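Welcome! Take a moment to look over the chain, and then let us walk through some of its features together.

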Amino acid sequence: MYKPELFNTLKTYNGKQFLQDAIAGIIVGIVALPLSIAFAIASGCSPETGLYTAIIAGFCIAAFGGTRCQIGGPTGAFTVIIYAIVNNPQLGLGGLATATVLAGILLILLGVFKLGGLVKFIPYTIVVGFTAGIAVTIATGQIGDFLGLTPSFPLTVLGHEYAKMPGTFAGKILVYASSITSINWYSFGMALFSLVLIFLWPKVTKKIPGSLVVIILATVIHLIISKTLGWHTDIIKDRYTIPSGLPKPALPDFRISTIINVFPTAVSIAVLAAIESLLSAVVADGMIGTKHNSNHELIGQGIANIFSPLFGGLPATGAIARTATNINNGGRTPVAGIIHAIVLLLIMMLFGKYVEYIPMASLAAVLMSVAWNMAGIPSIRALLKGQKSDITVLLVTFLITVFVDLTYAIGIGLIFAAFFFIKKMIDLSEVQSGQRTIVTGITGDGHEEKLDVPEGVMVYEIDGPLFFGTVRKFEIATEQAGLSYKVLVLRMRNTLYLDAGGIRALEQCKAVCDKKGIAIVLSGIHTQPYMLCEKTGMADKIGRENIFDNITEAMKRAEELSKK
């Protein structure tokens, strides 16, 4: 039965928790202001559409979702899709609204039919690949404002004529290169100063986000410099007007021809919203020790994406950074997310005219920093140390996201991942048929042995390959590894195959166990999993002294650790 998490938390709600939620909601609402505007502009839309999204969708995600602390709104993941559709003369904002509503319906259906777990079947390599691709696309789109370039359209470059800024990666680079002589050094200096300050600000304090400080400081500095020295850089007011309230709701175009045209885009929006929102929910669970309901969360996301376009908003999902900000400032219930939406509405109504003075160069710097954080450089480095199949899926997904389309990137990435997985399973089957695999922990007559598990030790057996489709087993193991255990023995005698998703699952399990003071011991590890652990450095993280090829030695080590 569907029941939003808000109703569950209100049972034990009190004044003290409301005060904490109110403080967190106010802070995260202020933080969301520049990000909502920046993501809207990066998507090729007016800044108020980002605010509408954060207000309407942010309220719906908090009120109807299945996560306690989720903060929803526009995110960088959608900018590529939105930019492509709003710049399509046959679709535009009307087509985007239709696609977003359809995506909302798809999300609700996923939740109603309890298919939230299907998102876990998308390989980790694909998620990293398209996220990095989106990061490159976001950064590329900001080069013009970062340098203060003013291309003169129509523009002909290498035989290609552009009437406006193209939506493709290659087209943008060509236009920027041809107009590099129009650089505004004042804009570039402001953008560079803003970017440096964003990265250095956490050394001062992490309580107040650097993006907010940069937006306020850049706006004040520009107002002073423009009046005293007469230097100019584009501000929001030069291109857009911020309204002082929400627009009247309007239904999108639901003609059959429009639905057919935008349906592939709607699927992409739904998939991205599901992936990012559930990833954010997992992060939130890890920070406060709760457990979200993925199916209820998808229903909440669906409701948000139906209502957002009715009020002129964009696609929305759970935002990991804003959710973490909410938690770090005391938010523990959906009330904080609702307050965050109300705060944004009040800011737009009371201070919208001041928002128009924000320099575009400083917004470009904010988006550049977002792109850098999205790129996931540490994750990419770790994957590049792994097996060739994972690297291939990563690169294919990344390149198709940048140069072709995100929809194709996810689909082709899944095909490659499935192909490599099937091939690896066939290869392993051939090896097994050629030679007998000796597995300790089983008696000579093939019967299961009875293990004498020492006190303070939990044994969890992984039955089958640990890859992107079986990561959930590790989540269950992590949940069971409570404070009453000192050692978690992962028995891997039936795990013949491990991939990047499995390594990621091991890392997550290790991180959670480290926080609880629980040691991990691996037992019965086979050649392929061990070699991948070696290549990725996982063997050193767990400790080579805690990895054994048989259960007997593993249990001895576990007993030693449990007595420490």
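Phe 153 and Pro 154 are joined by a cis peptide bond, with omega at about 0°. Another loop, between helix 5 (92–112) and helix 6, holds Lys 114. Phi of Lys 114 is near 55°, a positive value in a residue other than glycine. As a background note, most residues other than glycine have a negative phi, and most peptide bonds are trans. Lys 114 counts as exposed, because its relative accessibility is 58%.

How far can you trust the picture? This is a predicted model. Its chain has a mean pLDDT of 87, and 92% of the residues reach 70 or more. Over residues 429–447, pLDDT stays under 50, and the model has 18 contacts beyond four places in sequence for them.

Now to the rings. The structure holds eight aromatic pairs, and the table shows two of them.

| Pair | Centre to centre | Angle between planes | Kind |
|---|---|---|---|
| Phe 146 and Phe 188 | 6.0 Å | 70° | edge-to-face |
| Phe 419 and Phe 420 | 5.5 Å | 65° | edge-to-face |

Phe 146 is buried, with a relative accessible area of 9%, whereas Phe 188 counts as partly exposed at 22%. Ring pairs also bring in Trp 185, so that Phe 146, Trp 185 and Phe 188 form a cluster.

Which residues of helix 8 (residues 169–178) are buried? They are Gly 171, Lys 172, Val 175 and Tyr 176. These residues lie on the same side of helix 8, because they cover an arc of only 130° around the axis. The buried residues of helix 8 pack against helix 4 (79–86), helix 6 (124–141), helix 7, strand 2 (155–157) and strand 3 (160–162).

Two details complete the view of this helix. At its start, a side-chain oxygen of Thr 168 comes within 3.1 Å of the backbone nitrogen of Gly 171. The charged end of Lys 172 sits over the ring of Tyr 83, 4.4 Å from the ring's centre.

Key
Residues are numbered from 1 along each chain as its sequence is written. This is a predicted model: local features need pLDDT of at least 70, side-chain atom pairs count only at pLDDT 80 or more; totals for chains, interfaces and linings use all residues. Side-chain values use heavy atoms; hydrogens and water are left out. pLDDT is the predictor's confidence in each residue, from 0 to 100. Contact means heavy atoms within 4.5 Å. Rings of Phe, Tyr and Trp (its six-membered ring) pair if their centres lie within 6.5 Å; planes under 30 degrees apart count as stacked, over 60 as edge-to-face and the rest as tilted. Buried means under 20% relative accessible area, exposed over 50%, partly exposed in between (1.4 Å probe, protein chains only). A charge sits over a ring if NZ of Lys or CZ of Arg is within 6 Å of the ring centre and within 35 degrees of the ring normal. Helices (H or I, at least four residues) and strands (E, at least two) are DSSP runs, numbered from the N terminus. The arc is that of the directions from the helix axis to the C-beta atoms. A polar contact is a pair of N or O atoms within 3.5 Å; within protein, one must be able to donate a hydrogen and the other to accept it, and residues adjacent in sequence count only if both atoms are side-chain atoms.
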